[in-house]
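Please have a look at the model shown here.

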Amino acid sequence: MSFINHQSPMNPNYLNNSGLFGRPHRNSKYCWQWVFLCLASFVLAACSPGETRVEEGNRLGEFHAANSSEPQTLDPQVHTGVPENNISMGLFEGLVSADPKELTPAPGMAERWEISEDGLTYRFYIRENAKWSDGTPITAADYQWSWQRALHPKMGNEYAYMMFPIKNAEPYGTGKLDDFSQVGIRVIDERTLEVELENPTPYFLQLLDHHSYYAVPKHVVLKYGEMTDRYSDWTRPGNMASNGPFRLAEWKIYHYVKLEKNPHYWDADNVALNAIYFYPVENFSTEERMFRVGQLHKTFEIPLDKFPDYKKEHPELLRNNPYLGTYYYQFNVTRKPFDDVRVRRALALAIDREALVHQVMYGVVDAAYTLTPPGAAGYEPPVLIDFDPDEAKRLLAEAGFPEGKGFPHVELLYNTNESHRKIAVAVQQMWKKYLNVDITLTNQEWKVYLDSRNRLQYDMARAGWIGDVVDPMNFLDLGLSTNGNNRSGYKRPEYDDYILHKIPGSKTQAERFENFYQAETMIMTDLPFVPVYTYKTKYLLSPSVKGFSSNYLDKYYWKYVSVGN
């Protein structure tokens, strides 16, 4: 069945002779749309009849990007979302960075490192010219302090578990150990940091490129509050110090965040852009229109119904590449009726993913039947769910709701976004058609949505997980009871044991993959999370952008990007 109406192809009058999107002609019927965009969209400068924002950006070396939502915070040890991470990638750099295409480890703040033969000890040598954006030198002690902050139980860092491969990090991070000196993070001298792991961790160098491992400036954080303050003025313009290729210049709430080139960055001579503007445009149709009239170099996404048009008419502007991520629905298993696995499984089996992918998503993504995307680092997960409405009805009846009778009023929560709404409407209709249950859809602005999920103030919610490293562990540890990103209330000691002990203690790759398989079998049987589709990127990029590499994690290494004709 069809869930949305297909839109007609875009009008070719929007294109100039070079194939780039330009302004509508003053005497065209689209002039009114141009006027509307100038008045309604939060533009940086007044609309100019002579030069679009993209043209000006190409001339000045300034990149303009839609970024979906207003940032929750710019503190890398607090934020959790993709919009925030896009900004953090410009503001900060880890001890280890990565090749922008292949994602192989590359020197970052550390110019080199050494690894012991047993794979348990890493020694990092910080660059002599590593400085904060205020000119203060960066030392090994900065990393030790920052990682203590990231792990501290009072910090409430939802990514603290990312540091659990470090010796004694898990007991310290969960409050079982008070003495931080027992955690395997040691300052050897001003420029040398040594890290000891609990077990060999093949992806540890990849972890150091994640924002949870970024150093934060102790001298600035403590100037505006305590070590474990989650929100303070240290991240405001004029206060913030960072160590990446860019520094914070402006933050106009609900308008834009502006980054400017950081002159104290160790590799500043090779940073091409002078500035980056991030716009919190939640409506994908609005950002697509902004792209068309030259207001954006890059969209965050593209409206689903526009995808076929761009794929056919302007594929050079479209990016639709493999992306290590899973879009899923999660249940609050502490609330009835979702404390019953039969209900969760019934709803999972009543989703026709193939119809969803092809009729709603226009084939832009792939149907997902596992939490871990197939093939991640060579691992193939077990497939334990499918589309089976008859079995779904049987399970729902067994749970006490035959033909949906007596099923309570429940809500499906999603953050404000047109694509999320369309998917939710389609799934809502499937559950009504196959199970005769009525589900109410509720949307919330990004920050409110995150807070609702964090406090378990929801029945069901859409969620998406984008891999932080190319390894199955990064998906399976979502079910860990102490994982701040779990957000479902799911707790199972046997599962925790696999994540914390059996998988890290694997002696061979074959044993590790077998333990992954057993853990995924467990969580896909319990189903606190129901996978819907595997991501692919879907955004528009101006031909004037150079050095913007696609990679499996869709991470943006801004230092390599330039603009110009």
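Leaving aside neighbours within four places in sequence, which residues is Thr 326 in contact with?

## Thr 326 and its contacts

Contact here means heavy atoms within 4.5 Å. By that test, Thr 326 is in contact with Thr 370, Leu 371, Pro 373, Ala 463, Gly 464, Trp 465, Phe 475, Pro 531, Tyr 533 and Tyr 535, leaving aside its neighbours within four places in sequence. Thr 326 sits in strand E12 (residues 322-331). Helices (H or I, at least four residues) and strands (E, at least two) are DSSP runs, numbered from the N terminus.

Thr 326 is buried, and its relative accessible area is 0%. Buried means under 20% relative accessible area, exposed over 50%, and partly exposed in between (1.4 Å probe, protein chains only). A polar atom of the Thr 326 side chain lies 2.8 Å from the backbone oxygen of Leu 371.

## Basis of the model

This is a predicted model, in which local features need pLDDT of at least 70, side-chain atom pairs count only at pLDDT 80 or more, and totals for chains, interfaces and linings use all residues. Residues are numbered from 1 along each chain as its sequence is written, and side-chain values use heavy atoms, with hydrogens and water left out.

## Trp 251

Trp 251 belongs to strand E8 (residues 246-252). Is Trp 251 buried or exposed? Trp 251 is buried, with a relative accessible area of 9%.

The side chain of Trp 251 makes a polar contact with the side chain of Glu 70, at 2.7 Å. A polar contact is a pair of N or O atoms within 3.5 Å; within protein, one must be able to donate a hydrogen and the other to accept it, and residues adjacent in sequence count only if both atoms are side-chain atoms. Not counting residues up to four places away in sequence, Trp 251 touches Glu 70, Pro 71, Thr 73, Leu 74, Thr 235, Arg 236, Pro 237, Tyr 256 and Val 257.

## A strand pair

Strands E6 (residues 185-189) and E7 (residues 192-196) run antiparallel and are joined by four bridges. Two strands pair if DSSP finds at least two bridges between them. A hairpin through two residues links E6 to E7. Val 187 stands opposite Leu 193 in E7.

## Backbone features in loops

Lys 336 and Pro 337 are joined by a cis peptide bond, with omega about 5 degrees. Pro 337 lies in the loop between E12 and helix H10 (341-349).

Ala 377 is not a glycine, yet its phi is positive, near 55 degrees. Ala 377 lies in the loop between strand E13 (366-367) and helix H12 (389-398). Ala 377 is partly exposed, at 39% relative accessible area. Asp 554 also has a positive phi, about 50 degrees. Asp 554 is in the loop between strand E19 (545-546) and strand E20 (562-563). Asp 554 is buried, at 12% relative accessible area.

## The largest pocket

The largest pocket holds about 520 Å³ of space. Of the 31 residues that line the largest pocket, Phe 164, Pro 165, Ile 499, Leu 500 and Pro 504 are the closest to its centre. On a 1 Å grid over the protein atoms alone, a pocket is an open set of points where a 1.4 Å probe fits, with protein on both sides within 12 Å along at least five of seven lines; lining residues have an atom within 4 Å of a point. Volume is the space filled by probe spheres set on the points, which are joined across faces, edges and corners.

Helices H5 (169-173), H15 (473-476), H16 (493-502) and H17 (509-526) each supply at least two residues of this lining.
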